[in-house]
Amino acid sequence: MDPNLLRQIQEMQRRADELQKGLAAMEVEGVSGGGLVRATLNGLGEVKNVHIDPSLMKPDEHQIVEDLVVAACKDGKLKLETRRFEDAKFIQDLLQSFGGPKAGSD
């Protein structure tokens, strides 16, 4: 195997590992109910934390709270997908600036 190709593969693997670590460290916050419910997700889409305003903790309103938690998680997921898209576009633009392929070209 070409030693130059092997180095390139190793560099790509190192960058992929860094990207994975970066995604795990990234955090976005989804919000619902005007900020009464907040869900923190990491870049891998895992819910790391949920905050529920104490004013929602009434026994007869548990369905509302459950719905707001789901909505906050969805909001966080949407923000995460937007951020991932922006990061991917930045990387693609950077590669293009170094003579890499243009998006959609094979």
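Which residue of strand 2 is the bridge partner of Glu-29? It is Thr-40, and the views below start from the sheet that holds this pair. The model is predicted, so local features need pLDDT of at least 70 and side-chain atom pairs count only at pLDDT 80 or more, while totals for chains, interfaces and linings use all residues. Residues are numbered from 1 along each chain as its sequence is written, and side-chain values use heavy atoms, with hydrogens and water left out.

**The whole chain runs α-β-β-β-α from the N terminus on.** Two helices and three strands are present; helices (H or I, at least four residues) and strands (E, at least two) are DSSP runs, numbered from the N terminus. Along the principal axes, the C-alpha atoms occupy a box of roughly 70 × 25 × 15 Å. The radius of gyration is 20 Å, whereas a compact globule of 106 residues would have one near 13 Å; this radius is taken over C-alpha atoms, and the globule rule is 2.2 Å times the number of residues to the power 0.38. Of the 106 residues, 17% count as buried, where buried means under 20% relative accessible area, exposed over 50% and partly exposed in between (1.4 Å probe, protein chains only). Among contacts (heavy atoms within 4.5 Å) with a separation of 6 or more, 45% come from residues 24 or more positions apart.

**Three strands form an open sheet in the order 1-2-3, with antiparallel pairing.** Strand 1 and strand 3 are at the edges with a single partner strand each, so one side of each has no neighbour in the sheet. From one strand to the next the twist averages 15°; axes are lines fitted to C-alpha atoms, for helices over the stretch in contact, and angles run from 0 to 180 degrees between N-to-C directions. Two strands count as paired if DSSP finds at least two bridges between them.

**Strand 1 and strand 2 make a hairpin with four residues between them.** Here six bridges join the antiparallel strands. Besides the pair of Glu-29 and Thr-40, look for Val-31, whose partner in strand 2 is Arg-38. In the turn, Gly-33 has a positive phi of about 60°. Side chains in a regular strand alternate between the two faces of the sheet. In strand 1, the covered face has Val-28, Gly-30 and Ser-32, and the uncovered face has Glu-27, Glu-29 and Val-31.

**Strand 2 also pairs with strand 3, in the antiparallel sense.** Strand 2 covers residues 37-42, strand 3 covers residues 47-52, and five bridges link them. Arg-38 is bridged to His-51 of strand 3, and Ala-39 to Val-50. Four residues lie between the strands of this hairpin, where Gly-45 takes a positive phi near 90°. Strand 2 itself is mostly covered, with five of its six residues buried.

**Helix 2 packs on the sheet and touches strand 1, strand 2 and strand 3.** The direction of helix 2 makes about 140° with that of strand 1. Helix 2 has 36 residues, and its end C-alpha atoms are 53 Å apart, which agrees with the 52 Å it should span at 1.5 Å a residue; the expected span is 1.5 Å times one less than the number of residues.

**The largest nonpolar core has eleven residues.** A core is a set of buried Ala, Val, Leu, Ile, Met, Phe, Trp, Tyr and Cys residues joined through side-chain atoms within 4.5 Å. Its members are Leu-23, Met-26, Val-28, Val-37, Ala-39, Leu-41, Leu-56, Val-65, Leu-68, Ala-72 and Leu-80. Strand 2 and helix 2 are the elements that give two or more residues, and helix 2 gives the most, with four. Leaving out residues up to four places away in sequence, Leu-41 touches several others, including Met-26, Val-28, Val-47, Cys-73 and Gly-76.

**Leu-5 sits in helix 1, residues 3-25.** Leu-5 is partly exposed, with a relative accessible area of 39%.
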